[in-house]
Amino acid sequence: MATLADLADDDVLFEVSHRSLVSGWKAGCVLWALNKQTWTKPMAELVEWLVYHDLWSKMQVFGDMLNRDADPLCEAQRRGPKNMLDKLPDTFNEAQLEALRVQFGKSSEGTKNQLYKWVFRKFITYSNQTGLYTKTDEYLKGNG
């Protein structure tokens with residue numbers, strides 16, 4: 001969930017995801033108990049689906065209200081969190097991310113922090129020679 005929130009640079013999504021994880025964990029506990037304390041792959045898949053469905057539902061119903069309390073947002077942001085890294089080319093510079101952040105109604109001041117998170121999570125790498133960021137193969141395989 002932290003990865004998803006970092007890709008969208010959405011603090012509200014991060015906070016709401018905690019409750020979705022708890023709901024999924026509780027559902028998993030019930031399934032495990034009803035299945036004679038045995039865990040199966042279909043149960044794991046159902047719990048994962050329940051977590052994402054719960055998160056999606058919360059963001060659809062409460063997302064606008066929670067985001068309004070966080071900071072003023074443009075209409076594009078209110079339709080739900082967007083993976084900003086997917087919106088950038090495979091190789092990009094800081095200014096391109098900053099422009100995208102502004103387009104999504106985010107402040108330009110958060111650009112460096114977002115880049116730091118993406119590098120830390122190994123979504124991108126930075127080249128000192130070119131001054132460009134490049135999406136990692138692992139990120140491209142997982143999101144391509």
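Lysine 36 is exposed, at a relative accessible area of 75%. Here exposed means over 50% relative accessible area, buried means under 20%, and partly exposed covers the range in between, with a 1.4 Å probe and protein chains only. The model is predicted, so local features need pLDDT of at least 70 and side-chain atom pairs count only at pLDDT 80 or more, while totals for chains, interfaces and linings use all residues. Residues are numbered from 1 along each chain as its sequence is written, and side-chain values use heavy atoms, with hydrogens and water left out.

Most residues other than glycine have a negative phi. Lysine 36 is not a glycine, yet its phi is positive, about 55°. This residue sits in the loop between helix H2 (11-34) and helix H3 (41-70). Lysine 122 also has a positive phi, about 65°, without being a glycine. Its place is the loop between H7 and S2, and lysine 122 is exposed, with a relative accessible area of 61%.

## Chain overview

The protein chain has eight helices and three strands, in the sequence pattern α-α-α-α-α-β-α-α-β-β-α. Helices (H or I, at least four residues) and strands (E, at least two) are DSSP runs, numbered from the N terminus. Of the 144 residues in the protein chain, 32% are buried.

A contact is a case of heavy atoms within 4.5 Å. Taking the contacts in the protein chain between residues at least 6 apart in sequence, 57% join residues at least 24 apart.

## The three-stranded sheet

The strands form an open sheet in the order S1-S3-S2, with antiparallel pairing. Strand S1 (91-92) and strand S2 (124-126) are at the edges and have a single partner strand each, so one side of each lacks a neighbour in the sheet. Two strands are taken as paired if DSSP finds at least two bridges between them. S1 and strand S3 (residues 133-135) run antiparallel and are joined by two bridges. Threonine 91 stands opposite threonine 134 in S3.

Helix H7 (residues 111-120) lies across S1, S2 and S3, at about 110° to S2. The axes behind this angle are lines fitted to C-alpha atoms, for helices over the stretch in contact, and angles run from 0 to 180 degrees between N-to-C directions.

## Aromatic pairs

A pair of aromatic rings is described by the distance of the centres and the angle of the planes. Rings of Phe, Tyr and Trp (its six-membered ring) pair if their centres lie within 6.5 Å; planes under 30 degrees apart count as stacked, over 60 as edge-to-face and the rest as tilted. By this rule there are five aromatic pairs. In one of them, the rings of phenylalanine 92 and tryptophan 118 have centres 6.5 Å apart and planes at 85°, so the pair is edge-to-face. Phenylalanine 92 belongs to strand S1 and tryptophan 118 to helix H7, so this pair ties together parts 26 residues apart in sequence. Phenylalanine 92 and tryptophan 118 are both buried.

Phenylalanine 92 also forms a stacked pair with tyrosine 133, at 5.8 Å centre to centre and 20° between the planes. That pair links strand S1 with strand S3 across 41 residues. Phenylalanine 92 counts as buried because its relative accessibility is 0%, and tyrosine 133 counts as buried because its value is 11%. Phe92, Trp118, Tyr126 and Tyr133 make up one aromatic cluster.

## Helix H6

The buried residues of helix H6 (residues 94-103) are Leu97, Leu100 and Arg101. Viewed down the axis of H6, they fall within an arc of 100°, so they line one face of the helix. Such an arc is that of the directions from the helix axis to the C-beta atoms. The face of H6 turned away from the buried side carries the exposed residues Val102 and Gln103. The cover over the buried residues of H6 includes helix H5 (84-87), S1 and H7.

Asparagine 93 caps the N-terminal end of H6, with a side-chain oxygen 3.1 Å from the backbone nitrogen of alanine 95. After H6 comes glycine 105, whose phi is positive, near 80°.

## Helix H7

Thr111, Gln114, Leu115 and Trp118 are buried in H7. These residues cover an arc of only 100° around the axis, which puts them on the same side of H7. Lys112, Tyr116 and Phe120 are exposed on the other side. Among the elements covering the buried residues of H7 are helix H1 (2-8), H5, S1, H6, S2 and S3.

Conventions. A polar contact is a pair of N or O atoms within 3.5 Å; within protein, one must be able to donate a hydrogen and the other to accept it, and residues adjacent in sequence count only if both atoms are side-chain atoms.
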